[in-house]
Amino acid sequence: MGFRKKNKSPPVLSHEFVIQNHADMVSCLAMIILLGLMFEVTAKFAIMFITVQYNVTQVLDEKHDPVNFYQYGPKDVATVFFYLLIAVILHALIQEYILDKMNRRLHLSKTKHSKFNESGQLAAFYFFSFVWGCSILTAEDFATSPTFLWEGYPHTHMVFQVKFFYICQIAYWLHALPELYFQKIRKEDIPRQLYYICLYVVHITGAYILNLHRLGLVLLVPHYLVELLFHASRLFYFSDENKQKGFTLWALLFVIARLLTLTVSVLTFGFGLPRTENQGFSLAEGNFNVLTIRMTCLAAICLTQAWMMWKFINFQLKKWREHSQNQASKKKTVSPKNKPHKRDPGKGGSANGVVKSEDKTSPRARKPKTLIG
């Protein structure tokens, strides 16, 4: 891990050297870009990486000040790259100063150790993104009316917070790809993580490029809330296996979030966008309101939700089987109350191998106890 002192240094530029010092190397690269702001020759180049590009100033009316909006363009790739570097640095800081210290206290196995790190990183990201997304929805009144999702399409102009939110989202999920190497993720866990990382990149980038950032933001916020609850519950479960109540709430909200996503998507692509005035395809105007693209987007969302529900059902069935097996094993280990126990011959319970009856209804009179020397 980056920022970690090792007693034995591996060979320079070896795999282990890169893994241990990747955060330091990325920090140096980010510092070089920042230092470019100090010189006039490189300032124009460096500012393309650091600040949000494609500023558009609009005057709504004479009584109000001009409003700054933003569009997207090719230079956003440089901005995404810079904040990808920042995401790698923050990932290493959270891992080194929070998660590794907690792991040393919990003494987890290798499998749980990997899942604990994954949930710790994602829980921090989901919490930050959920709070940020809610503040944007509140400030911009995105959720006041469903028609706001498609009225005035194409939504080529974004406020600063919306564009910066999407830049950071894309940068974070792209940074998760090299982290599979830096974190030494187990081979059996790589396909599962690759699936959801690629799904995030495709869906968020698609909403950004197709000028569907309003819809994307409305769908991301409840989804991040559900994922935050799941990974937080998993963290509590690893600290104490008796704490499983969070998974029940997560299961309920997961199904609600899937239904909400499908409902809003069908409403937007099936009823809202087909009835807007701007119909057609134009790259220059950022208009993608044609039947082919609408159906492709709706199919992608529906297939993703179906895949997530399939994984969710399999997860619940697996938990139910494990719970049933645990209950069955407990019944085998715990003996029933009516099972006869062997008595010690020296305590007067048996004589010559015959167990004496202690029932008061026995026809034979009970003999007085004799002292055994």
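## Overall picture

Of the 373 residues in the protein chain, 40% count as buried, where buried means under 20% relative accessible area, exposed over 50%, and partly exposed in between (1.4 Å probe, protein chains only). Please keep in mind that this is a predicted model: local features need pLDDT of at least 70, side-chain atom pairs count only at pLDDT 80 or more, and totals for chains, interfaces and linings use all residues. Residues are numbered from 1 along each chain as its sequence is written, and side-chain values use heavy atoms, with hydrogens and water left out.

The protein chain has nine helices and six strands; these are DSSP runs numbered from the N terminus, with helices being H or I of at least four residues and strands E of at least two. Among contacts in the protein chain with a separation of 6 or more, 69% are between residues 24 or more positions apart, a contact being heavy atoms within 4.5 Å. The accessible surface of the protein chain is about 23600 Å², and 65% of this belongs to carbon and sulfur atoms; such areas come from the Shrake-Rupley method with a 1.4 Å probe, and for residues only the protein chains shown count as cover.

## Salt bridges

The count of salt bridges comes to six, each being a side-chain nitrogen of Lys or Arg within 4 Å of a carboxyl oxygen of Asp or Glu. The table includes three of them.

| Pair | N to O distance |
|---|---|
| E16 and K184 | 3.0 Å |
| D76 and K163 | 3.1 Å |
| R186 and D189 | 3.1 Å |

E16 forms a salt bridge with K184. This pair links distant parts of the chain, with E16 in helix α1 (residues 15-35) and K184 in the loop between α5 (160-182) and α6 (190-209), 168 residues apart. E16 is partly exposed at 30% relative accessible area, and K184 is partly exposed at 49%.

In the pair of R186 and D189, R186 is partly exposed at 24%, whereas D189 is buried at 6%.

## A nonpolar patch

On the surface, L90, L93, Y97, I98 and M102 form a nonpolar patch with about 450 Å² of accessible area together. Patches are made of residues with over 30% relative accessible area and no salt bridge, with like charges joined within 9 Å and nonpolar side chains (Val, Leu, Ile, Met, Phe, Trp, Tyr) within 5 Å. L90 sits in helix α3 (residues 76-106) and is partly exposed at 47% relative accessible area.
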